[in-house]
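Here are a few exercises to work through with the model open. Try each one before reading its solution.

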Amino acid sequence: MNDFRSESHGFLNRLTRLSEPDMTQALQDGLTDDCKWHMSHPIGTLTGPEEVLHGFFEPLRRALAHVRRRDEIFIGARNRRAERGVWTASVTHYLGNFQRPFLGIRPSGNLAFLRAGEFYRIEGGRIAEARIILDLPDLMRQAGRLPFPGSYGLETLFPGPATHDGVLPSEGDGEASLDLVERMLGALHAFDPATFGSEEQTGQGGTWDADMLWYGPAGVGSNYRWDGFVKDHREPFLRAFPDRKGGDHYCRIGDGNYAAVSGWPSMTMTFQGDYLGIPADGRALTLKVMDFYRCAGGRIAENWVMLDYTGLCAQMGVDLIARSNAMA
């Protein structure tokens, strides 16, 4: 089933274990010559295997000693959106001892798990395009320097799926999983401004399981059940960005009991209420988004969310890396 999934999974997990010369050759073999790796702030777009090596993998290997990749979800399917083609999507951590600065972030000297959401477009067995969000504020948090005044929810390492079957799933109907997620997304923009509830989200005929788990990026954190989701994420976000419009996705795939969607950016909005301790000033903003879902019994049971908050805050005029480094 979907050989490109297992081939891509094996390739990406071998990369970090290779010597530098072998990694150079592997990238030349496994990436197209004109590949584009679009990465979250502050990296930006890397073109071709050499830029991917020097712009991402070399800094990562210098910073996280003996770095290894650890996937929690790795799925793949044909893209339902206009760009088509076959894509893989993953929730992973790059783990290692954080011994040297990474993208300017001061190291902790301790074990660190760099959270990442990744989408890859595969052509002829090679990666032709990548979209990657790194949760850099969470790396700062692990070093004891969270750049926000606090967090709305629980800050924790992203857990894998409760069913422990998120890597190359072999059971379930991917099309049905994606249909369910698209039904949820279609109803998400309509909400009651008093309760922040939405029709078709919960209760009879709803899309979310009563015991849903929602795992969010640093600053937002993770939460449990719909009321926890509203309290810890939806209400603060909608108060800050009440006119937000989302769903502008380049990729939507379903595989087994899983689905994944991403927009680059997905959201456009204006900054109308204070958020994460940053005063609102009405400016226009965009947000890169990745969502990964596990479905069960016709409901969404778990949702892992990657948001480029380093890039969002840069648009707000706040340098999170500088802010974190200035902390004791």
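**Exercise 1.** Work out how α2 and α3 are oriented to each other.

Solution. Start with the axes: helix α2 (residues 20–30) and helix α3 (residues 48–63) come within 10 Å and cross at roughly 140°. Axes here are lines fitted to C-alpha atoms, for helices over the stretch in contact, with angles from 0 to 180 degrees between N-to-C directions. Now classify: under 35 degrees is roughly parallel, over 145 roughly antiparallel, 65 to 115 roughly perpendicular, and the rest oblique. So α2 and α3 are oblique to each other. Last, list who touches whom (contact means heavy atoms within 4.5 Å): α2 brings Glu20, Met23, Thr24, Leu27 and Gln28, while α3 brings Pro49, Leu53, Phe57, Glu58 and Arg61.

A word on the model: it's predicted, with local features needing pLDDT of at least 70 and side-chain atom pairs 80 or more, while totals for chains, interfaces and linings use all residues. Residues are numbered from 1 along each chain as its sequence is written, and side-chain values use heavy atoms, leaving out hydrogens and water.

**Exercise 2.** Find which residues of α5 are buried, and what covers them.

Solution. Buried means under 20% relative accessible area (1.4 Å probe, protein chains only). In α5 (residues 174–187), that gives Gly174, Ser177, Leu178, Leu180, Val181, Met184, Leu185 and Ala187. Then look at the cover, which includes β7 (208–215), β9 (251–255) and β10 (258–270).

**Exercise 3.** List what Tryptophan 37 touches.

Solution. Skip residues up to four places away in sequence; the partners then include Leu31, Val52, Phe56, Tyr120 and Ile132.

Note on methods. Helices (H or I, at least four residues) and strands (E, at least two) are DSSP runs, numbered from the N terminus. The expected span of a helix is 1.5 Å times one less than its number of residues. Buried means under 20% relative accessible area, exposed over 50%, partly exposed in between (1.4 Å probe, protein chains only).
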